[in-house]
Amino acid sequence: MKIKSICCIGAGYVGGPTMAVIAQKCPQVKVTVVDINEARINAWNDKDLSKLPVYEPGLDKVVEEARGRNLFFSTQVDQAIDEADMVFISVNTPTKTYGKGKGMAADLKYIELCARQIARVATTDKIVVEKSTLPVRTASAIKSILDNTNGKDVKFQILSNPEFLAEGTAVTDLLNPDRVLIGGDNDTTEGKEAIEALVSIYANWVPKEQILTTNVWSSELSKLTANAFLAQRVSSINSLSELCEKTEADVNEVAKAIGMDSRIGSKFLKASVGFGGSCFQKDILNLVYIAKTYGLTEVADYWEQVIIMNDHQKRRFAHNIISTLFNTVSGKKIAFLGWAFKKDTNDTRESAAIYVADELLSEQSQISVYDPKVETEQMYTDLDYLNTRSSEENRSGLSVTQDPYETCKDAHAIAILTEWDEFKTYDWQKIYDQMQKPAFLFDGRGLLDIPKLEEIGFVCYKIGSSNKNL
Ligand SMILES: NC(=O)C1=CN([C@@H]2O[C@H](COP(=O)(O)OP(=O)(O)OC[C@H]3O[C@@H](n4cnc5c(N)ncnc54)[C@H](O)[C@@H]3O)[C@@H](O)[C@H]2O)C=CC1
Ligand SMILES: O=C(O)[C@H]1O[C@H](OP(=O)(O)OP(=O)(O)OC[C@H]2O[C@@H](n3ccc(=O)[nH]c3=O)[C@H](O)[C@@H]2O)[C@H](O)[C@@H](O)[C@@H]1O
């Protein structure tokens with residue numbers, strides 16, 4: 001079956017970039033990305049490519065090439081579904097904030113609404129592709145909704161095709177994926193044809209040996225497992241960072257030494273103030289919940305520790321600032337360099353900066369933030385969401401500037417919360433001269449040249465180092 005038109009429901013961090021790359025690489029396929037969020041669709045259609053709703057290096061060039069040619073962004077969801085041979089579901093699957101599984105299970109209400117909308121609208125056979133990260137065996141629920149509510153004798157095939165892109169590197173990850181994973185029903189002719197149809201899309205630019213096909217359940221579970229393993233590495237090296245600080249070992253040296261073992265590998269061993277992002281915590285909590293629903297307590301407890309360690313790492317970073325500043329930050333100005341959950345993205349979901357700021361605001365500090373890409377309002381939204389204090393208190397305790405030197409002026413301490421490359425290029429002598437003394441610097445990302453800063457006169461704390469002079 002040759003795919004002529006694709007619809008993607010969900011124009012977010014995944015739907016947007018993924019479909020833009022598919023459209024760029026498959027000019028013969030019409031790709032329509034739809035969303036109920038009109039503002040988001042308008043931003044995707046903005047002539048000014050710097051206004052795209054998702055900031056990703058290189059995305060503007062991809063959108064510029066395909067948009068209007070065979071890539072379209074629209075709010076006409078029904079029409080796009082009806083015209084498509086293949087419908088990707090790429091809507092958000094947040095952690096439930098109510099009812100059974102609250103705080104752990106994935107909230108599938110958006111997924112179900114999509115499935116019902118596809119069933120209601122479809123008049124021709126469809127291949128439905130799960131791009132969203134879903135609990136293992138969700139495909140059977142989607143299939144039963146589609147088959148039992150369509151009523152127009154339309155045939156549906158369900159495929160799992162989880163996305164592994166990381167934010168900040170989405171375009172390179174999509175153009176050169178380690179693997180494309182497709183889960184489908186290999187036991188029927190229709191199932192095989194559906195798998196082949198999706199393989200042929202990716203085969204336009206991905207070498208066939210990197211397109212892996214498997215059964216649906218293994219594909220759904222592999223996505224959760226991949227994020228669990230990645231986050232586990234971060235929490236593992238972060239747990240060792242605390243031991244390094246006590247034993248005068250250096251976590252970067254340890255990471256380098258173990259990373260040269262090809263069985264361990266060198267990636268994802270960078271100690272930090274803690275992992276953020278919309279998915280690590282969400283997907284691990286979901287994995288824990290699934291294990292619990294099967295009564296697998298040891299499995300659930302094993303993976304839950306990754307989250308417990310991450311929360312500990314964020315908390316101890318904040319408490320270390322307080323204890324180093326003579327056990328009080330009340331009325332003291334603390335400069336935050338960085339708010340995004342990682343560099344090269346404007347995404348702040350679950351960013352460590354939010355939790356560190358929350359702890360310091362509770363100690364009545366005055367925080368001033370500079371981030372190259374995150375909007376001021378987003379920072380207040382992030383803090384208000386925690387519901388620790390009133391939005392007025394958040395706004396009076398935290399200010400935002402567009403100038404890093406302004407942020408650091410008269411500060412008692414600077415905290416590096418995101419590893420933006422530009423931070424390394426600043427005139428740190430100038431920053432030091434304008435700070436309160438002693439001038440403290442807490443590098444939560446192992447980003448800066450600590451010996452050089454100490455020469456200038458900074459009193460430095462670096463994650464995972466002995467920090468003898470503190
Ligand atoms: N953000 C990331 O880096 C990655 C996310 N994922 C997964 O992809 C999925 C989507 O994640 P994001 O793109 O980050 O979410 P997002 O929140 O940025 O985008 C989801 C979009 O879906 C739209 N939407 C929700 N229900 C809808 C409906 N019924 N009809 C039309 N539009 C609807 C929302 O308005 C929103 O714009 C999640 O399951 C996530 O776990 C997977 C890999 C990477
Ligand atoms: O499902 C998803 O949403 C995605 O989640 C992650 O991608 P992402 O969260 O965008 O970014 P990562 O590069 O994984 O970083 C996640 C967090 O871990 C932190 N991190 C990462 C690596 C490291 O060595 N140390 C470390 O602290 C980052 O600063 C960031 O806060 C996975 O890397 C993607 O494969 C996956 O598709």
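## Strand β1 and its neighbours

How many bridges join β1 to strand β2? In this predicted model, five bridges join β1 to β2 (residues 30–34), and the two strands run parallel. Within this pairing, C8 stands opposite V33 of β2. Helix α1 (residues 15–25) belongs with β1 and β2 to a β-α-β unit, which is right-handed.

β1 is also joined to strand β4 (residues 86–89), by four bridges, and these strands run parallel. Here I9 has I89 of β4 as its bridge partner.

## Burial of β1

Strand β1 spans residues 5–9, and five of the five are buried, so the strand is largely enclosed by the rest of the structure. Both of its faces are covered. One side carries S5, C7 and I9, the other I6 and C8, and all of these are buried.

## Backbone details

F326 has a relative accessible area of 57%, so it counts as exposed, the cut-off being over 50%.

N387 lies in the loop between α14 (376–386) and α15 (391–397). Its relative accessibility is 66%, and N387 is therefore classed as exposed.

A cis peptide bond, with omega about -10°, joins K437 and P438. P438 is part of the loop between α17 (428–433) and β13 (440–443).

Key
Residues are numbered from 1 along each chain as its sequence is written. Chains are lettered from A and ligands numbered from 1 in the order in which they are written. This is a predicted model: local features need pLDDT of at least 70, side-chain atom pairs count only at pLDDT 80 or more; totals for chains, interfaces and linings use all residues. Side-chain values use heavy atoms; hydrogens and water are left out. Buried means under 20% relative accessible area, exposed over 50%, partly exposed in between (1.4 Å probe, protein chains only). Two strands pair if DSSP finds at least two bridges between them. A crossover is right-handed if, with the strands pointing away from the viewer, the path from the first strand over the helix to the second runs clockwise.
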